[in-house]
Amino acid sequence: MLVTVTLNAAVDKTYLLPRFQLGEVHRARTVQTQAGGKGINVARVAKRLGMEQVIATGFVAGANGRYIRQGCELEGIQPDFMETPGESRTCLAFVDEASGSVTEVLEQGAVVSEEAFEQLKPKLERLARSASCVVLSGSLPGGLPSDTYRTLIQLVRDAGSLPVLDTSGEGLRIGLEGRPYAIKPNREEAEVLLGYRLESDLEKRQAIIDLISMGAEHVLLSLGQEGAWFGSAEEIWSYEAVRLPQAIHTVGCGDSLLAGTVAGRLQGMAWNEAVSLGMACGAANACSIGAGQVELELVESLRQQVKGTRISHEESCPDERGE
């Protein structure tokens, strides 16, 4: 069983526009509305990949919260959220077909009280006891302290499950103190945390090593059009980005990458195979409207194109050796 935790769930709306211009009136070619938030995106992709039982928990509020619950149910995801006062946020993405750019507007969402957070803990502990893995994703809602993810990671570990963390900023820095099983930062998140740029392969490799030293057992570093890197104390891999004829929508590609990797591991794949599946899922998401939307036939086709190279922990990387 896979459990995902989305503390700041949302209703996601994606508008496909012929061209997006500030100050102009636009008529959307397509509008996609779905239950959203990073953890729910992970749950959606994992379910598409054949995970039998996927449970989404966290906080929801108001009419949007009811929509989020119903949206999960329609996609075969079991909703087990805590209700909190207020209204769950709406997040908007405007996709410019002409340029391929995406403009996002993200609401803050409902404030979560300390009392509500204390009520979530026994629920998550119960779920984690039956889960193989718990994925904790996304921004922290107002009202929760920056050590929230560290607390939840320790709770999940104590319950006998594997905690995976995908967040940024102080939530990530302090969350690493809980020693998560895996993390999935993107380039910007890793650069902010580490204090240096990730431009060369040596710097990317060093980032993997440094993030492991900070507490992560496994690191999945997403690099957009440059692909991804994966590493642990035993191995480091570099993956080229999958070539696509046209990327429609890049929002949710990182969530899809993480979901494919986690699902692959839970289905018995070695890390290299699991990350390859994740890379295919991230690429498939880019071909769809809406975050965490992947077509299985396309995933399998793209998976054949994924190229990974094993990198030594100590020696120079291939491009620095001129190979």
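In this predicted model, helix α2 lies across strands β2, β3 and β7, and its direction runs at about 90° to that of β3. Helix α2 covers residues 62-74 and includes glycine 71, a residue that counts as buried because its relative accessible area is 12%, below the 20% limit for that class.

**The open sheet and its helices**

- Four strands form an open sheet in the order β3-β2-β7-β8, with mixed pairing, and its edge strands are β3 (30-36) and β8 (102-106), each of which pairs on one side only.
- Neighbouring strands of this sheet are turned against each other by 15° on average, with direction ignored.
- Within the sheet, strand β2 (residues 10-17) and strand β7 (residues 89-96) run parallel and are joined by eight bridges, and tyrosine 15 stands opposite phenylalanine 94 in β7.
- Helix α1 (residues 38-48) also packs on the sheet, where it touches β2 and β3, and its direction makes about 100° with that of β3.
- The C-alpha atom of glycine 71 is separated by 9.3 Å from that of valine 11, although the two residues are 60 residues apart along the chain.

- Strand β9 (residues 133-137) is largely enclosed by the rest of the structure, because five of its five residues are buried.
- In a regular strand the side chains alternate between the two faces of the sheet.
- In β9 both faces are covered, with Cys133, Val135 and Ser137 buried on one side and Val134 and Leu136 buried on the other.
- Strand β1 (residues 2-6) runs parallel to β9 and is joined to it by five bridges, with valine 3 having valine 134 of β9 as its bridge partner.
- Strand β10 (residues 162-166) likewise pairs with β9 in the parallel sense over five bridges, and here serine 137 has aspartate 166 of β10 as its bridge partner.
- Together, β9, helix α4 (residues 148-158) and β10 make a right-handed β-α-β unit.

**The α8-α9 pair**

- The axes of helix α8 (residues 253-266) and helix α9 (residues 271-286) come within 7 Å of each other and cross at roughly 145°, and this crossing is right-handed.
- Residues of α8 that meet α9 include Cys253, Leu257, Gly260 and Arg265, while the α9 residues in this contact include Trp271, Leu277, Met279 and Asn285.
- By class, the contact of α8 with α9 has nine nonpolar, seven polar and one charged residues.

Notes:
Residues numbered from 1 in each chain as written. Predicted model: local features only at pLDDT ≥ 70, side-chain atom pairs only at ≥ 80, totals over all residues. Heavy atoms only, no water. Helix = DSSP H or I, 4+ residues; strand = E, 2+ residues; numbered from the N terminus. Buried < 20%, exposed > 50% of the residue type's maximum accessible area, 1.4 Å probe, protein only. Axes fitted to C-alpha atoms, helices over the stretch in contact; angles between N-to-C directions. Left-handed = near helix turned anticlockwise from the far one by under 90°. Contact = heavy atoms within 4.5 Å. Nonpolar A, V, L, I, M, F, W, Y, C, P; charged D, E, K, R; others polar. Pairing = 2+ DSSP bridges. Right-handed = clockwise from strand over helix to strand, strands pointing away.
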